[in-house]
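Could you walk me through this model stop by stop? I have it open in a viewer and would like to know what to select next and what is there.

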Amino acid sequence: MGLDGEVTFYLSTFKMKFMKVYKLTCIIKLLTFSVLLCHAQNRTRFELESHINGLKDGVKVYLVKDKPSNKKMLDTLGVAISKDEKFSFEGKVPDDVGFYYLQTNVAAAMTQGLVLLNADMKLKGNWQSWPQVELIGSEPHLQYLEILKLNMEMNAGLKAENADVATAKVRKATVFKSYINAHLNALLTPFVIDQLIGTIEATELKTLYYSLGEDAKNGSFGLSLGKKLESMEKLATIKIGSIIPDFNLTMPDGKMASIRSLASKNKITLLDFWASWCKPCRMENPNLTEAYKAYHDKGFGILGISSDKKETAWKKALVEDNTPWLHGLDTELAGQNIFEIKAIPSYMMIDQDGKILALELLSPIKGGGRALRGKVLHETVKKLLDL
Amino acid sequence: MRTLLLTLICIVLASLAHAQIVKPASWNFTTKKVKTDLYELHMIANINEGWATYSQWTPEGGPEPTVIRFDKNTNFLLGGKAKEVGIVKKKHEDVFDVDVHYFRHQADFVQLVKLKNVKGDRKIKGKINYMVCDKSQCITDEVEFKVELK
């Protein structure tokens with residue numbers, strides 16, 4: 001921001017005055033700026049020089065990505081050892097920008113999120129006030145601080161008004177949307193849009209995403225938001241009451257069969273997305289067998305959809321588990337792709353017309369669950385069959 | 001009510017910093033110089049608590065082994081398959097009736113790479129297919145890497 005302002009200033013001065021001295025200063029400034037700019041754009045590595053007043057020698061400092069939910073370090077970008085109140089990191093920030101945290105081996109507290117990019121950055125602070133630190137040289141970090149401040153002020157306002165949840169939701173949408181629209185080109189703005197998922201409608205989220213400037217949209221936060229919105233859109237069509245798209249399976253005899261036609265033979269069919277190498281899938285088979293035996297004559301069927309790559313491994317598991325229902329192989333993962341299934345086992349109950357009645361899809365967005373396992377499966381089957 | 005509401009809002013923003021898609025494992029790639037023309041490529045899987053990833057040599061019939069593939073490059077000589085550093089746990093799984101070889105927390109796959117020409121190409125590329133499981137689910141994933149040996 002500072003650099004931008006400076007250049008605009010010199011440019012206008014240049015145009016207005018057109019005096020030799022200014023011209024020279026301007027050219028020098030412009031040259032310096034272009035060098036800096038080129039330098040900044042071509043940087044593929046970062047440096048973070050840190051100075052923490054009062055920091056003892058020999059303290060181990062970790063630069064980690066993602067705030068771990070447990071004590072383990074995830075994606076450690078670097079480890080440094082302090083000397084003369086200083087420590088430094090260098091390396092490459094994957095995807096050019098991201099949130100990182102500093103932790104030491106002598107204090108439990110971690111710093112707040114630091115938005116690092118492949119550039120030269122500096123970190124300042126006092127050991128007495130650790131983990132409060134100041135990061136210099138990262139434009140998106142300044143934006144992050146701005147967003148935190150905005151959120152804090154919003155929270156304070158809501159608290160003062162003693163606002164209810166509905167009011168808070170509306171306020172959040174208003175405050176964030178106006179922020180987004182005023183910062184369409186900033187790298188971190190897609191992340192603010194991300195915050196509105198669940199607060200505003202999908203169509204509105206998309207409109208905000210499309211109104212982003214090219215840099216923001218193609219930055220790493222923009223790209224991950226784009227992917228998330230795309231997969232949300234896909235998932236929105238997969239819900240209780242909607243009809244599933246059809247796809248084919250290779251049956252044990254080598255013939256192809258469509259899942260809709262296979263499911264049409266029962267009143268309700270459980271689609272079981274599994275594979276021979278998946279222990280939690282196989283562990284559930286005794287329960288599925290029990291349910292199948294109890295309710296098959298009442299109209300309950302199961303269709304095993306395996307993502308095994310090796311046909312022999314699949315057939316071996318079929319023999320071992322001796323499951324009485326139909327099985328098909330989905331080597332190309334057509335089913336997993338349609339339903340955005342990222343983990344198995346995943347389950348989906350459909351009726352004879354392919355309408356979804358119940359779901360347990362394990363995808364990063366939907367999250368895990370045990371919606372159709374164990375006793376819950378038996379209860380669901382009984383309820384759906386009016387037993 | 002008020003406390004509840006504020007907690008709610010604060011949680012949303014606290015997660016702003018790390019609200020990205022849940023991944024039970026993440027990978028780091030680093031290199032270490034052994035000699036002028038010999039390098040170690042460390043492919044490190046950091047595995048979340050409760051999850052496991054599997055050895056390249058876990059026996060057939062159980063979970064899928066980790067598979068590391070390198071793109072062809074005439075400047076490199078690879079010293080066999082990657083070594084596995086870290087605690088390889090072995091457990092007999094009745095479901096599969098095999099001994100499963102797996103890692104928790106961290107697995108370091110170390111590939112020795114010899115440069116034919118020290119002035120030549122140093123970018124080593126490839127991909128890793130691996131799976132991670134916890135008690136209730138399994139995920140298969142692929143990670144691509146491009147690392148400069150230095």
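**Before you start**

This is a predicted model, in which local features need pLDDT of at least 70, side-chain atom pairs count only at pLDDT 80 or more, and totals for chains, interfaces and linings use all residues. Residues are numbered from 1 along each chain as its sequence is written, chains are lettered from A and ligands numbered from 1 in the order in which they are written, and side-chain values use heavy atoms, with hydrogens and water left out.

**Stop 1: chain A as a whole**

Helices here are DSSP runs of H or I with at least four residues, strands are runs of E with at least two, and both are numbered from the N terminus. Of the 387 residues in chain A, 46% are buried. Buried means under 20% relative accessible area, exposed means over 50%, and partly exposed lies in between, using a 1.4 Å probe and protein chains only. Among contacts in chain A with a separation of 6 or more, 61% are between residues 24 or more positions apart; a contact means heavy atoms within 4.5 Å.

**Stop 2: a four-stranded sheet**

Now pick out β4, β1, β7 and β8 of chain A, which form an open sheet of 4 strands in that order, with mixed pairing. Two strands pair if DSSP finds at least two bridges between them. The edges are β4 (86–91) and β8 (133–136) of chain A; each has a single partner strand, so one side of each has no neighbour in the sheet. On average, neighbouring strands are turned by 15° against each other, direction ignored.

Zoom in on β1 (residues 46–53) and β7 (residues 120–126) of chain A, which run parallel and are joined by 7 bridges. To see one of the pairs, select Glu49(A), whose bridge partner in β7(A) is Lys122(A).

Next, move to the loop between β7 and β8 of chain A, where you will find Pro131(A). A cis peptide bond joins Trp130(A) to Pro131(A), with omega about 10°.

**Stop 3: two positive phi angles**

Select Asp96(A), in the loop between β4 and β5 (97–104) of chain A. Its phi is near 70°, a positive value in a residue other than glycine. Asp96(A) counts as partly exposed because its relative accessibility is 46%.

Then go to Asn162(A), in the loop between α3 (139–161) and α4 (165–182) of chain A. Asn162(A) is not a glycine either, yet has a positive phi of about 60°.

**Stop 4: α6 against α8**

Show helix α6 (residues 202–210) and helix α8 (residues 220–236) of chain A: their axes come within 11 Å and cross at roughly 150°. That crossing makes α6(A) roughly antiparallel to α8(A), a label for angles over 145 degrees, while those under 35 count as roughly parallel, 65 to 115 as roughly perpendicular and the rest as oblique. Axes are lines fitted to C-alpha atoms, for helices over the stretch in contact, and angles run from 0 to 180 degrees between N-to-C directions.

For the side chains, display Leu205(A), Lys206(A) and Tyr209(A) of α6(A), which meet residues of α8(A) including Leu225(A), Leu229(A) and Met232(A).

**Stop 5: a buried leucine**

Select Leu249(A), in strand β9 (residues 248–250) of chain A. What is its relative accessible area? The value is 0%, so Leu249(A) is buried. Leu329(A) is 80 residues away in sequence, but the two C-alpha atoms are 5.4 Å apart. Beyond four places in sequence, contacts of Leu249(A) include Met256(A), Ile259(A), Leu303(A) and Leu329(A).

**Stop 6: strand β14**

Highlight β14 (residues 343–351) of chain A: 9 of its 9 residues are buried, so the strand is largely enclosed by the rest of the structure. Strand β11 (residues 268–274) of chain A runs antiparallel to β14(A), and 6 bridges join them. One pair to display is Phe273(A) with Ser346(A) in β14(A). Pro345(A) also lies in β14 of chain A, and the peptide bond from Ile344(A) to Pro345(A) is cis, with omega near 5°.

**Stop 7: across to chain B**

Finish at Lys91(B), in strand β7 (residues 89–93) of chain B. Lys91(B) counts as partly exposed, at 39% relative accessibility. Leaving aside neighbours within four places in sequence, Lys91(B) contacts Lys279(A), Val98(B), Asp99(B), Val100(B) and Tyr102(B).
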